[in-house]
Structure formats: C-alpha cells, structure tokens
Amino acid sequence: MNSATNQPASGAPREGAKDPTVPIWLIVVLFLLVFWGGVYFDEHSGWFEPQVYSPYVSAEQLKTFQVAGGPDIMDQGRQIYERTCITCHGPAAAGQPGTFPPLAGSDWVNEKEPGRMIRLVLQGFSGPGLKVNGQPFNTSSAMVPWNSLSDDDLAAVITYVRGNKDWKNTAPAVTPEQVHAIRAKIAAAHPLSFTPAELEAINPAE
Amino acid sequence: MNATSPTSSASDSISTAEIDASCRVPLFTLFVSGAVWLVLGSIFGLLASLKFHSPSFLSDCAWLTYGRVHAVATNAFLYGFALQAGLGVALWIIARTSQTRVAQPWMIAIGGKLWNLGLTIGLIGILMGDSTGFEYLEIPRYGFVFLFLGYVLMTFFSLLTLHNRKERALGVSQWFLLAALFWFPWVYFTADYLLLSRAPIHGVTQVVVAWWYSANLNLVWFGLVGLAIVFFFIQELMKRPLYSRHLALFTFWTIVLFASWSGVPHSAPVPAWIPALSTVGTVLTVVTALSVIVNIRATCAGGCSQTENPPPGKFIAFGTMAFVVAWIANALSGIPEVASVTNLTWFTVAQWQLNVFGFFAMALFGAIYYIVPRVTGMEWPRANFVKSHFWCAAIGIVVIAISLAIGGIVQGFDWHDLKMTNVEVAKSQLNFLRISTLGELLILIGNLLLLGNLIGLSVRYYKTHFVPVYREVTAELKPAEVKP
Amino acid sequence: MRYGPYVFLAAFFALAVSWFGFVLTPQVQLGRPVQETNTVMKADLYPQERPGEARQGLEIYRANGCAYCHSQQVQQKGTLVNVVLTDAGKKTMDVAKVLNDEHLGSFSGPGVAAGLPKTLLQNATMDQAVALQSLLKNAGAKTDLHLVPIGSDIERGWGKRRTVAQDFAADATVMPGSLRVGPDLANVGERLPDMNWQLMHLYAPRSVVKDSPMPSYAFLFERRKIGSQPLADALALPKEFAPAEGYEIVPKPEAKALVAYLQSLRSDTPLYEAPLTPPPAPKTNAPAK
C-alpha cells in the first residue's frame, strides 16, 4: 500500500497538491435539476395537502370536482333509517300495532310544515293520548330522543321518511338549517320529552 | 505482496502485514458466511426464476411457493452476503486507512455469528410463513433482534478501529464508510420499530416507511459503501490518488441528500406530495452518477492498467460502470413520463439487480479477491476460477439487466394496451424471463466458484497453520522429553 | 469533512431531513385510524373493518407473498366530466338555442325536454363542463355533472377510481405491491366475486385461466377420499385437473380465508380525495347493491 510515492491510499491531500473543484458544468446541471424539481413540486404536489392525490394538483382544483352535490339525501336517509328507526318502526314503516305507531301514511309525517315532526324526533315523546290519522294509538312505549344525531343526519332521515313514495308519504323535504333552528329553540325551552298533548298544541310552522 | 512500510516512521508504526493479520478472524467469518449465503440466495433465486417457466414446479409445498422462495432469495443475498461481506470489506478498509490493528477482532467475529443466527432464523421464519410483507424487510422480528445485535457489535468495533487511527483527518473512503455505518442501524431500527413492533403504525404509512427503508438500504448504504470500496481500490490498484476530494464530497452530499428521498413509486396510494418529493429526489441522483464518472475518468486518465492483480481490478471497473448505468437508469425511471411505463414492471427489478449485484456485489468480489490473499498470506487455490467467476458474473448480470429492462418496458406498454388480456401480457414476458433465468444460472455458477475458492483456501490455511501445530502438540513424546 | 464529528453530523442531518419528510410527516397526516374523508356518503363508515375471515385471509396473502406479483394500486390519469340534463325547465326554446349554439346537436324546444336525463356533453374538461352548466342555468335548465375517471387501469376494469390511503386504513399490513405480473387486485371482490372461481383459480390457475403463469396453491387444499357423498365444498374441477377417481379436493380453512379476503377487496366508494359519481340510488325501499 505504501508504495514508492508514500501516499496513503485514503485520498488525503498531499502537501501542496491542488484539489480540483467540482466542474462548473456539473454545478449548472445540479442547479437546473433543482429548478426543475422545484417547478415539478409546485405543479404536482398539491403543496402537502393530505387530500390531494394525483391527477389532481391542488386543493382548489379538487374542490371543483366535488360535483356529486353531497350525498343523495334519500339514500343517506335510508341508511340512517335502516340503522336507527327500523328496529321499532319496521322495514315498511308499518310500526307495530299497539306498540309503535306507523310512519307510512301517517298524518304526523305528512304535515306540510315539519316543525312538529322535527321536534318529535329531536326530543322524543312519551305519555298517553297519541292519535295517528285520527285514530287513538294506545301505547305505553316512549320514543327515544334522537338529538344525538347531527343536523345533516336528522334532515336526511326526516326527508327520507316524509318523501318515501313506497310508504305513500308525500311531504316536502327538510333542510339541516330547519333542524338546527328548532334544536336551538327547544334546547332552552323544552328539555324533556314531549307529551302528545303538547305536541298537538304546537304550531308546526314554527 | 511487498508488505514493508517505511521504517523511518515512528517506532509504533504497524506494518501492513500486521494490520492484515489482525483482520484475519473477523474476515474469515464474514467472507465465508457471506459466500455461503450468496450461493444459497442464488439457488433460491434460480428456483424462483424457474417457477415462471414452469408454474407447477415444486408448487405443492407451502415452503417452496414462489412468494416465500423469492423473499428468501433477496434477503439471503442482501443481508447474508451484501451487508455481511460489505461490513467485512469496510472493516479492512478502515483498518488499512487508519493504519491500525482491528480492535477486538473476536468480538467482530461474534457479531458476525449473531448476524448469521438472526438471518438463519429469519429466513426459516419466512419459509414458514412469517414474512412481514414488506419488500427487502421480510425478516420477522425475531430475526431482526439478532441481526441488529450482531450489527451493533460489528460496527462498534469497526468504529473503535477508526477511532484509533493515526492521522486524524479522514480520507474519502473513511467518510463514506463512517456515514454508512451509522446510517444502517438508524433506518433499520426505525423500520423495525414502526412496522414490526407490537403496536405498528397504521395504514399506508407502513408502506411509505418500507419504501423509505428500501431506498436507504439499496441506494444510500450500498452507494456509500460501494463507492468507498471503488475509491479505495482505484487508488490502491493504480497507485495514484483520487482526482478530486471536492468531487467526492459532492458525491457524498448528493447521495445522502437525494437518494434518501427516493423510493416511493409514482403510482403509490398516498397524497401527491410524497411521490412528488420522491420523484425529485430520484431524478436528482443523476448528479451522483455524473460526479462519479468525472472523478473516476480523471483518476484513470492516462491509462487504466493496473500494476498488480488484474482480476480484482476487472471486478471493480465493472462495478463502477454498473453503478453509473444503474443510477442513471434509476434517475430516468423517476421522470413521470418514463415512470408511467416502467412503474410496477420488471424494469425496476432490472435496475435493482444491476445496482446491488452489478455494482455492489461485483465491487465486493473484487475486494474479496484482493484482500483474502493479503490477510491469509496465501494465494487462491485456483486462479482460473477467479477469472471464470468474473466472466460468469459479468455476463450473467448483463444478461439479466438487459433482458429484464427490455421485458419491463414491453410489459409497461402492454399493460397500457387495452387490447391485451392479462394472460397475453404475461406471455409476452416469458421469453425475457427465460433469458434472465440463464443469467441467474451463470451468476450461480460464478458464486459457486467463489465459494469453492474460499473453502479451498480455508482448508489450505487450516492445513498449513493448524495441522502441523496440532500434530506437534499431539505427537507422542519421546522419553527424553518427559520431565520427571 | 476532515474530522469524524463532521461526517457524523452531516449524515445525521441528511437522515433527519429524509426521516422528517417520509416517516414523520406522513404519519402525522395519514396515521390516524379513521379519517372523515367520506363526505359523499356521510352516513357510511369507510373503510369498513374487514370480516374476521377476511382478516385471516390477509395474513395468508402476506405469508405467501402474493404482493410480489399482484399490485393493489389502481392508477388514474385524469378525470373528465359529462354534463347531464336533468330538468329542461320552462324556457325550453332558450335551452335548445344554447345547445345549438354550442354545437351539441340540433335540438328543438320540445325535443330538449324529451328523454331526460340525457347526456349533453361527454368527456369534457371541468372548465368546459362548468361553462356549459352555467349557460344552461341561465336558460333555466338544471344539469348534473358526472365524473368520468380515466386511465388505462380504469379502462381495464381494475377499478372505478384511483386507490387512496383511506382504502387501506382498516388493514393490519398494507401491501400495495411492486410488480404486476398478474392483474391488479384492488377491486377483485367486485370483479370476480364468485367463491368457486377463486378457489379453483388458487388450486389450479390454468383450469380457469388458460396459460396463466400463476403458481398453483395446492397446499391450501386437501385431497381426500370421497366418503359416502362428495362434500359440498369439494371443487368441481375440469377433467385434466381433477384428482383421481374416488378423490375430491376440498379447500382448507386457509383457502377459504384467502378467498374471503379477495372477495372483500373493493375500493370504489366515492371519497373527497377520489371523487366519483356514485351510481344512482334505487328509488324503492329495496336495499342498494
């Protein structure tokens, strides 16, 4: 290893030897590539947005592609119904005679203004004296309050039930804003479940 | 080899022969085990390759299904040979450039044994079905533990040897090796901790870490250690210094900064910024290849003939050329337009093979063929095996790289061609795979030649050094020699 | 770089930068188990946890290295848009004029309202589609935009949209694959749901796909003597692959688990990051497919 020239093979500089620097063209290539890299990153990376995947290039562009208009509200409502309401009210919304009132063709559901129905679903109800389509419906069961669902979910399921043609319901849809407004109104005013008498007294347009 | 050092230097100077002799024990373990794993890996690799032509070949046994055999082949090669023998060569280079004896050679040998233990149980685990599912990181946790311990032992004493160096200023090969020795345990431990522990990370981040680990092992670690070997031997064999330290420093920084960002493919199911960063890193590694070309060409200017030992020089030269081709191919395949064709095809396999075998393994072969005679003081039993190994390995890897690269490009275009069914695409690959199997066979033959030579030399060494001593010690004593 | 500590610091710095970029930041962004990206079907939890047998199947997939030949990453080159007229409104003459001006066909007033919903413009860019939409809105018509993801993977039928991180959020080990010797499997549960086909394909791939290079996974099956009756599970293999007379091939639990996993592989739910126009919901009470 230490041959005649007495140079260590490690490449340590010799005394007085000049150490050539990196050739200029290589530095130029490096800078050109770094520039390219910067441009590429700017155009294709979405700037660290975790939701931007190629072929989309930015969060703004991705937003313009959200054209589904939100979920199909009937489908969303159906999903919530099948997870939540179906246990008591049944798959055909026929309820159970003597225990759970039907929703199909019910006057409670088909009111043009949804105020009563929204309150009912939000706060639940209990107590005797329920009438459905004019006929008394005697039940000792109570309806559980569903204020744990979000405004969007409640609006979806209420719209679904109100507009379900198979169940002969033809009432107009409900928006999350309406649910939100009523939620705010009753939060202070009426913390407990409604009784049927109270519900009858409510003006559904409010 | 003339092993005299200038006698005019300080009285505590150590001769090269002593330095080499101190390496004997660890290098014996690391090189011989490495060669055994190399052959084993090649056999499994050949087996895996054969399964493409004859899918029902050995398919009835769960242990020999393609997925497990392939994992064993790559891991035996990477961890058994490339890392192990690489550490051996690194140790020798450190000892030589530090001009000091190896610190605690027996501890390094024990580290090597632990490494082998970890690898053995890890590979058996893979065959039993415990593969982790991450490429190049298939060895399950129980194997990792021993591998890591073995690595720590080997590296600690290598670093201690470096610490004992005479000249405090570091040379080029020393920087590269020092960085590499720290690099591997960090990335390996991180990958193991995040992926294989009791509470691994969730979801697609697992694969990002696995890709990061793979790039750091295949590009950064092999790049650093391989170039350390190339730079050392170019100077050693040609008896002239490296053209430019600045350029070597430039190479070092471009490897550690850019290649460590490589690895995430363009199509990955991750947010766009991750493949974008990886693409930029990959394309920038072309600068590394260019800087190496400039440095080596300028060092070799005025003729490349070596004054001693042609065969190691041939291996090192081939390795350098393969480095340049493999890294330029890698950088090109980072460009998005090219990646849309070559991604998820055999092209990436070809590039990997060229990098780890064509570059790193060939550089290791050259180093081993140079080091072992000096460390043991004996010549190779069969010099013609060394030459044949070179030709088998060189032709083998060129055949594999070219056939799989072309096959990969054809495959990429075929997958984009909607008129081709899945089976038609697979069929169009078949001839390329057949050719690459021939390449694998050649490489296996070459590896067997290396193993044969190493074992022959070890036997000869044993016979020369131990047997006479043994015989002397166990010979019957003459009555006159018995003390009363 | 003359001294050891400098090299150490340089290596540490470079590795720390790379670790920060590829290990820490992705974990911070994507590491939470469930993310609220399913803003299209809010009521749906996506991805659903795979059923128990499918989770065992994932382990078998991992142990046998299926990811070495099969990827699970659908790629998407771009997204085109169709403009669909849903309501011609009251001023059908104006609507027809807009369509005729835009060279989308020759429409008459009544003709516009016939056969709704109908696609007016196909495979346009988002800008073109939005422009047409606003013109039609001014004319009183209502339109919907339908997204058409494009890419060779999608056209091959391997998926309806690209695979994203959320698709793997419920998997213990994520294996998107690195080589496509065989087709992509991200949506194979939707494409090839038949359990018997999958079992036969695993036992003897060439019995259902001629000349397939896939190795046979016969070790996942058991060859047993037929008892008084063949088992219901036994595979109905064609003659060249069937066992000898009096024997039947029955899948072991591992084979069934692997098939359950393959059947659970679907990733075509529309997500915020991979928007897709969902198929129209059924108008009846019948459960959606």
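Me: What covers the buried residues of α5(C)?

Reply: In this predicted model, the cover includes β1 (78-87), α3 (92-101), β2 (118-124) and β3 (142-150) of chain C.

Me: Which residues of α5(C) are buried, and how do I read their spacing?

Reply: Start with the general idea. An α-helix has 3.6 residues a turn, so residues three or four places apart point the same way. Now this case. C:Ala129, C:Leu132, C:Gln133 and C:Leu136 are buried. They lie on the same side of α5(C), because their arc around the axis is only 105°.

Me: Which exposed residues does the face turned away from that side carry?

Reply: That face of α5(C) carries C:Asp127, C:Ser134 and C:Asn138.

Me: Now the cores. Which residues have the most contacts inside the largest nonpolar core?

Reply: In soluble globular proteins, nonpolar side chains tend to be buried together. Here the largest nonpolar core has 256 residues, and B:Phe176 and B:Ala228 have the most contacts inside it. Helix α7 (residues 205-238) of chain B gives the largest share, 24 residues. Another core, of 26 residues, lies apart from it; A:Trp167 and A:Tyr160 are among its members.

Me: How many residues does each chain bring to the contact between chains B and C?

Reply: Chain B brings 61 residues and chain C brings 61. On the chain B side, helix α6 (residues 172-195) gives the most, with seven residues. By class, that side has 36 nonpolar, 18 polar and seven charged residues.

Key:
Residues are numbered from 1 along each chain as its sequence is written. Chains are lettered from A and ligands numbered from 1 in the order in which they are written. This is a predicted model: local features need pLDDT of at least 70, side-chain atom pairs count only at pLDDT 80 or more; totals for chains, interfaces and linings use all residues. A nonpolar core is a set of buried Ala, Val, Leu, Ile, Met, Phe, Trp, Tyr and Cys residues joined through C-beta atoms within 7 Å. A residue is buried if 20 or more other C-beta atoms lie within 10 Å of its own, exposed if 12 or fewer, and partly exposed in between; C-beta atoms are placed from the backbone. Helices (H or I, at least four residues) and strands (E, at least two) are DSSP runs, numbered from the N terminus. Two residues are in contact if their C-beta atoms, placed from the backbone, lie within 7 Å. Ala, Val, Leu, Ile, Met, Phe, Trp, Tyr, Cys and Pro count as nonpolar, Asp, Glu, Lys and Arg as charged, and the others, Gly among them, as polar. The arc is that of the directions from the helix axis to the C-beta atoms.
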